[in-house]
Amino acid sequence: MTDIAQAGAYTLGDHTVKRLGYGAMQLAGPGVFGPPKDRTEAIAVLREAVAQGVNHIDTSDFYGPHVTNQLIREALHPYPDDLVIVTKIGARRGDDASWNPAFAPEELTRAVHDNLRNLGVDSLDVVNLRIMFDAHGPAEGSIAAPLTTLAELQRQGLVRRIGLSNVTARQVAEGRSIANIVCVQNAYNLAHRADDALIDELAAAGTAYVPFFPLGGFTPLQSGTLNAVAGSLGATPMQVALAWLLARSPNILLIPGTSSLLHLRENLASADLMLSKDTMTKLDQIASRS
């Protein structure tokens, strides 16, 4: 069994978590909507992740909606003392499976209570405010109003720590003027590296960066260079992509998602890969070709 502690650890709010975590989004049905195709396998994946040492799980009550949180509760409650469950608010799902902004104070408050109820906890470890000015990526605009609402829920004791998701560097700076921001969660991977400067800035401040779509998301990463490196190392391309992220910066926390036990084990085995300087240089060139 892989020892994921090899990948290191980093501070997330009040806790130190292992840098290889797990993202629960793919446990929901197609399009992150509806029930899982195999509930038994979904429960087994969550339990295996924790059994292999994962102590950072990413989720949201708008996955499903409600599906992934209910699965997490069924599989893992009562939770291990060291497990940090990070959720997010700021969106809602339409009946047609659409992703819609949900920034009003009453929507944010309802979302926090939905997460509390479905996870079966009295306080949420970390809540990321997902900014939905543009569902396809970060877009400028003030986040003061929704973040102030979330900060008030924190003062009430319903939320322990606050993070931001789908944000620009300017919004991170604005957020820090309102609340202590413990993590930033944006799209980032080997081929899509718009946040390079932000990652370095956050690392200098001791703030965690959590890339979503670390393997390319709904369109998996494709690269001849990646495939060649993987072949030379006897690894899969996805393992190499995860190992590159671990080597990229110590403040990067990974949350690769899967609904398969086999893929979970493959993802966690990326902790075994050590990439040389020459290999990192080759992989770095992928972004310039994308």
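Val127 lies in strand S8, where strands (E, at least two residues) and helices (H or I, at least four) are DSSP runs numbered from the N terminus. The model is predicted, so that local features need pLDDT of at least 70 and side-chain atom pairs count only at pLDDT 80 or more, while totals for chains, interfaces and linings use all residues. Residues are numbered from 1 along each chain as its sequence is written, and side-chain values use heavy atoms, with hydrogens and water left out.

Val127 counts as buried because its relative accessibility is 0%; buried means under 20% relative accessible area, exposed over 50%, and partly exposed in between, with a 1.4 Å probe and protein chains only. Apart from residues up to four places away in sequence, Val127 touches Thr87, Ile89, Leu150, Val159, Arg161, Ile162 and Gly163, contact being defined as heavy atoms within 4.5 Å. Val159 stands 32 residues from Val127 along the chain, and the C-alpha atoms of the two are separated by 6.8 Å.

Strand S8 (124-130) is also among the elements against which the buried residues of helix H3 pack; the others are helix H2 (67-76), strand S5 (84-89), helix H4 (144-155) and strand S9 (159-165). Helix H3 covers residues 105-119, and its 15 residues reach 21 Å from the first C-alpha to the last, close to the 21 Å expected at 1.5 Å a residue. The expected span is 1.5 Å times one less than the number of residues. Buried positions in H3 are Leu108, Ala111, Val112, Asp114, Asn115, Leu116, Asn118 and Leu119. Just after H3, Gly120 takes a positive phi of about 75°.

Strand S5 contains Lys88. This lysine counts as buried because its relative accessibility is 2%. The side chain of Lys88 makes a polar contact with the side chain of Tyr63 at 3.0 Å. A polar contact is a pair of N or O atoms within 3.5 Å; within protein, one must be able to donate a hydrogen and the other to accept it, and residues adjacent in sequence count only if both atoms are side-chain atoms. Leaving aside neighbours within four places in sequence, Lys88 is in contact with Asp58, Thr59, Ser60, Phe62, Tyr63, Asn115, Asn128 and Gln185.

Empty space was examined next. Rolling a probe the size of a water molecule over the atoms shows where empty space is left. On a 1 Å grid over the protein atoms alone, a cavity is a set of points where a 1.4 Å probe fits but cannot get out, and a pocket is an open set with protein on both sides within 12 Å along at least five of seven lines; lining residues have an atom within 4 Å of a point. Grid points are joined across faces, edges and corners, and a volume is the space filled by probe spheres set on the points.

By this rule there is one cavity of 30 Å³ or more. The largest cavity holds about 30 Å³ of space and is lined by Leu12, His56, Asp58, Val86, Asn128, Cys183, Gln185 and Val210. Strand S4 (56-58) and strand S10 (181-185) are the elements that give two or more residues to this lining. The lining divides into four nonpolar residues, three polar and one charged, where Ala, Val, Leu, Ile, Met, Phe, Trp, Tyr, Cys and Pro count as nonpolar, Asp, Glu, Lys and Arg as charged, and the others, Gly among them, as polar.

The largest pocket has a volume of about 1,100 Å³. Its lining comprises 38 residues, of which Met25, Phe212, Phe213, Gly217 and Phe218 lie nearest the centre. The residues of this lining divide into 19 nonpolar, 14 polar and five charged. Helix H9 (residues 261-268) gives the most to the lining, with three residues.

Several backbone features concern loops. Most residues other than glycine have a negative phi, and most peptide bonds are trans. Phe213, in the loop between strand S11 (208-209) and helix H7 (224-233), has a positive phi of about 55° although it is not a glycine. Val32, in the loop between strand S3 (22-23) and helix H1 (39-51), likewise has a positive phi, of about 60°. The peptide bond from Gly64 to Pro65 is cis, with omega near -10°, and another cis bond joins His77 and Pro78, with omega about 0°.
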